[in-house]
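Open the model in your viewer and get ready to select a few residues at a time.

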Amino acid sequence: MISRQPTGERLLLEELPDRWRDLREAGPVRYDETQGVWQVLDHAGVATVLADPATYSSDLSALAPTQSDFETFRQGNFVGMDPPEHRKLRTLVSQAFTPRVVQGLGPRIEAVCARLLDAVADRDRFDLVDALAYPLPIIVIAELLGIPAEEHRLFQEWASVLFGGDQLGEAPDMADLERALEAIAPTVREMNGYMLDHIRARRAHPGDDLTSRLIAAEVDGVRLADQEMVGFVALLLVAGHITTTALLGNAVVTFDRHPGTDAALRADPARIPAAVEEVLRWLPPFPELGRRVTRPVVLGGRDIPAGTLLMAHLGAANRDPARFDTPDVFDAARNPNPHLTFGHGIHFCFGAPLARLEARIALRMLHERFRILAIPCYEDIAYQNPAVIIGVRHLPVEVGRP
C-alpha cells in the first residue's frame, strides 16, 4: 500500500498505543483518579485477573447504572456472568457454535466477500468499511443465526448506537454512562423485540440454523427460555460482528502505515494469519475489560478494596516488555504472539475463530482483487470513540487492479 499522506503525521490509532505505554510505565497497577477505577496494566496481572472469576467478577450490575430495557438483554448476556450461570450459557453456545461449524463457513465467507467486492468492481475509490468490513461479518453471523441478512442495515444502525459512544467522552464517569444508557435504551428495546419475535418464530418452525440449535440445546436437562435467549442472540448478532469490522479496518490502516508489510503479505499469503494476530495485539478492538473486585486483594503491590471497579487493560498488557520482544514495534511475523485481545480464562471470546477466519479470507481476497490498495488521505478517516471500541467508522481507499 502506498499513501499520499505524509507518514510523519500522527493518527489516533497511533496515539492510543503511546498513551497505553505511558500508563504501563507508571507501574503494573494504578488508580485512575479521574474515572475512579483501578487499572491493571501488565500482561501477568491482566491474565491473573481474567483467570480468577471468583475474585474478579464479570457481573458489574451492582456498579453500573440500571435501566429496564437492559435487564432483558442482560439475562442472556453471558459475557457479564460468573459461574455457575456462565457455564450453562457457555456450554449451550459451545454445542451449537463448534469449530467444525466455523471451519465449514469458509466457502460462504469467500462467496460473500466476492459478492461485496463485485459491487465495487467499477470503482477506483470506495469506503472499505461500508463496502466490506461492516457487511461481511454481519451477513455471515445473521445467516448463521437464521436472521434475514438483507436487514443488515438495521443491524448496522443498532451497532452504531450501541458501540458508537456518541454520548461519551474518552474518559466517561458513571454519570456519563447513565446518560448514555438512557439515550440508547430505545434502540435496545427495539432490538429486544426483534430478537424475541425471531426466537418465537424459530421455536414454532425450527430450521438448520444456530438459533434453532440453541433452542434445542440442553445443559443438565435445562433449556433456555425465550426471554433468556433474547440477550444471548442479540449478543451474537451485534457483538459477533463488530470485532471483525474493527479488525479489518485496523489491519488496512496498520499495513498502510508500515511500508513493506502489504507487499510481503502479497508475496506470501501464508503470512496473513500471523499478521492478523499482530494487528490484534497492536490494536485490540476492546482494549479494556471491566471486573468487580469481590474481596480485598493485593495486586501489583497495591491494596485494592472489595466492591470496586477494576479495568484489565489489554492494550497495555499487549505491549508489556516482560512478555513481548520489542513490544512497540509492529512485527507482522511475530511468533510467538500471546496477546490477550480475545481475553483469557472462562470468558475467552468464543467468536475468536470466526473473526480470525473472516479477517484472513477478506485480506487475502483484497490482495487478489487489487494490485494496489491505498489510503489517499488520512484526514478522511472517521474513527470510533476509543472509550468504547478501537476502530474506524469510515475508511476511504483507492484501488488499482491487475
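The largest cavity in this predicted model has a volume of about 50 Å³. To find it, select Leu-11, Leu-13, Glu-14, Val-253, Thr-254, Arg-257, His-258, Trp-282 and Leu-283, which form its lining.

Select Ile-242, Thr-245, Ala-246, Gln-384, Ile-389, Gly-391 and Val-392 to display its lining. Here the classes are 4 nonpolar, 3 polar and no charged residues. Once again H12 provides the largest share, 3 residues. The count of cavities of 30 Å³ or more comes to 2.

For the last stop, select the whole of H12 (residues 226–257) together with H16 (residues 352–369). How do these two helices cross? Their axes come within 10 Å and cross at roughly 40 degrees, so H12 and H16 are oblique to each other. The crossing is right-handed. To see the contact itself, pick Thr-244, Leu-247, Leu-248, Ala-251 and Phe-255 on H12, then Ala-355, Glu-358, Ala-359, Ala-362 and Leu-363 on H16. Coloured by class, the residues of this contact divide into 8 nonpolar, 1 polar and 1 charged.

Definitions and conventions. Residues are numbered from 1 along each chain as its sequence is written. This is a predicted model: local features need pLDDT of at least 70, side-chain atom pairs count only at pLDDT 80 or more; totals for chains, interfaces and linings use all residues. Side-chain values use heavy atoms; hydrogens and water are left out. Axes are lines fitted to C-alpha atoms, for helices over the stretch in contact, and angles run from 0 to 180 degrees between N-to-C directions. Helices (H or I, at least four residues) and strands (E, at least two) are DSSP runs, numbered from the N terminus. Angles under 35 degrees count as roughly parallel, over 145 as roughly antiparallel, 65 to 115 as roughly perpendicular and the rest as oblique. A crossing is left-handed if the near helix is turned anticlockwise from the far one by less than a right angle, and right-handed if clockwise. Contact means heavy atoms within 4.5 Å. Ala, Val, Leu, Ile, Met, Phe, Trp, Tyr, Cys and Pro count as nonpolar, Asp, Glu, Lys and Arg as charged, and the others, Gly among them, as polar. On a 1 Å grid over the protein atoms alone, a cavity is a set of points where a 1.4 Å probe fits but cannot get out, and a pocket is an open set with protein on both sides within 12 Å along at least five of seven lines; lining residues have an atom within 4 Å of a point. Grid points are joined across faces, edges and corners, and a volume is the space filled by probe spheres set on the points.
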